[in-house]
Amino acid sequence: MPAYIIAQINVTDPAKYQEYVKGAGPANAKYGGKFLVRGGAKSVLEGDIPFSRIVVTEFPDVEAARRFYNSPEYQAARKHRIGAADFNMVIVEGA
């Protein structure tokens, strides 16, 4: 069953955040992730979505998504993101 990582992001330090992107993208691909949404224009239909950037990544299953997140490659990239963005991330099981 597919799983999705959904990230909500407000970039606060664009230069530092780009270092995160350089490492996170290849790690994502290595662990079977496929970007479905990567920023782009959004239209809020209900509620308050205080994040300017939303990323949705599909993985083959929850285990693959966790392998990506816990991988040495992603954790190295993540260090660049700390202090460069307000960031929420969740894994959601697909239907």
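**Close-up views of a predicted model**

View 1. Y17 counts as buried, at 5% relative accessibility. Buried means under 20% relative accessible area, exposed means over 50%, and partly exposed lies in between (1.4 Å probe, protein chains only). This is a predicted model, in which local features need pLDDT of at least 70, side-chain atom pairs count only at pLDDT 80 or more, and totals for chains, interfaces and linings use all residues. Residues are numbered from 1 along each chain as its sequence is written, and side-chain values use heavy atoms, with hydrogens and water left out. The structure holds 6 aromatic pairs. One of them joins Y17 and Y20: the pair is tilted, with 5.3 Å centre to centre and 45° between the planes. Rings of Phe, Tyr and Trp (its six-membered ring) pair if their centres lie within 6.5 Å; planes under 30 degrees apart are stacked, over 60 edge-to-face, and the rest tilted. Both tyrosines, Y17 and Y20, sit in α1, 3 residues apart, about one turn of the helix. Helices (H or I, at least four residues) and strands (E, at least two) are DSSP runs, numbered from the N terminus. Y20 is also buried, with a relative accessible area of 7%.

**View 2. The Y69 and Y74 pair.** Y69 and Y74 form another tilted aromatic pair, 5.5 Å centre to centre with 40° between the planes. Y74 is buried, at a relative accessible area of 0%. Y69 is partly exposed, at 27%. Ring pairs link Y17, Y20, F59, F68, Y69, Y74 and F87 into a cluster.

**View 3. The largest nonpolar core.** Such a core is a set of buried Ala, Val, Leu, Ile, Met, Phe, Trp, Tyr and Cys residues joined through side-chain atoms within 4.5 Å. The largest one has 18 residues, and I9, Y17, Y20, F59, F68, Y74 and F87 touch the most other members. At least two residues come from each of β1 (3-11), α1 (14-30), β3 (53-59), α2 (62-70), α3 (72-81) and β4 (85-93). Helix α1 gives the most, with 4 residues. F68 is in contact with I5, A24, A27, N28, Y31, F59 and Y74, leaving aside neighbours within four places in sequence. Contact means heavy atoms within 4.5 Å.

**View 4. Helix α2 and its buried side.** V62, A64, A65 and F68 are buried in α2. These residues cover an arc of only 165° around the axis, so they are on the same side of α2. The arc is that of the directions from the helix axis to the C-beta atoms. The cover over the buried residues of α2 includes β1, α1, β3, α3 and β4. At the start of α2, a side-chain oxygen of D61 comes within 3.2 Å of the backbone nitrogen of E63.

**View 5. Helix α3, face by face.** The buried residues here are Y74, A77 and R81. They fall within an arc of 65° seen down the axis of α3, so they line one face of the helix. These buried residues pack against α1, α2 and β4. On the other side of α3, P72 and K79 are exposed. Just after α3, G83 takes a positive phi of about 85°.

**View 6. Arginines over rings.** R81 lies over the face of F87, 3.6 Å from the ring centre. R38 lies over the face of F35, at 3.9 Å from the ring centre. A charge sits over a ring if NZ of Lys or CZ of Arg is within 6 Å of the ring centre and within 35 degrees of the ring normal.

**View 7. N10 in strand β1.** N10 is placed in β1. A polar atom of the N10 side chain lies 2.7 Å from the backbone oxygen of P50. A polar atom of the N10 side chain also lies 2.7 Å from the backbone nitrogen of S52. Beyond four places in sequence, N10 is in contact with P50, F51, S52, A84, A85 and D86.

View 8. N88 lies in strand β4. N88 is partly exposed, with a relative accessible area of 36%. Not counting residues up to four places away in sequence, N88 touches I6, A7, Q8 and F51. L45 is in the loop between β2 (34-38) and β3. L45 counts as exposed, at 81% relative accessibility. L45 and I5 are 21 Å apart, C-alpha to C-alpha, and 40 residues apart in sequence.

Note on methods: A polar contact is a pair of N or O atoms within 3.5 Å; within protein, one must be able to donate a hydrogen and the other to accept it, and residues adjacent in sequence count only if both atoms are side-chain atoms.
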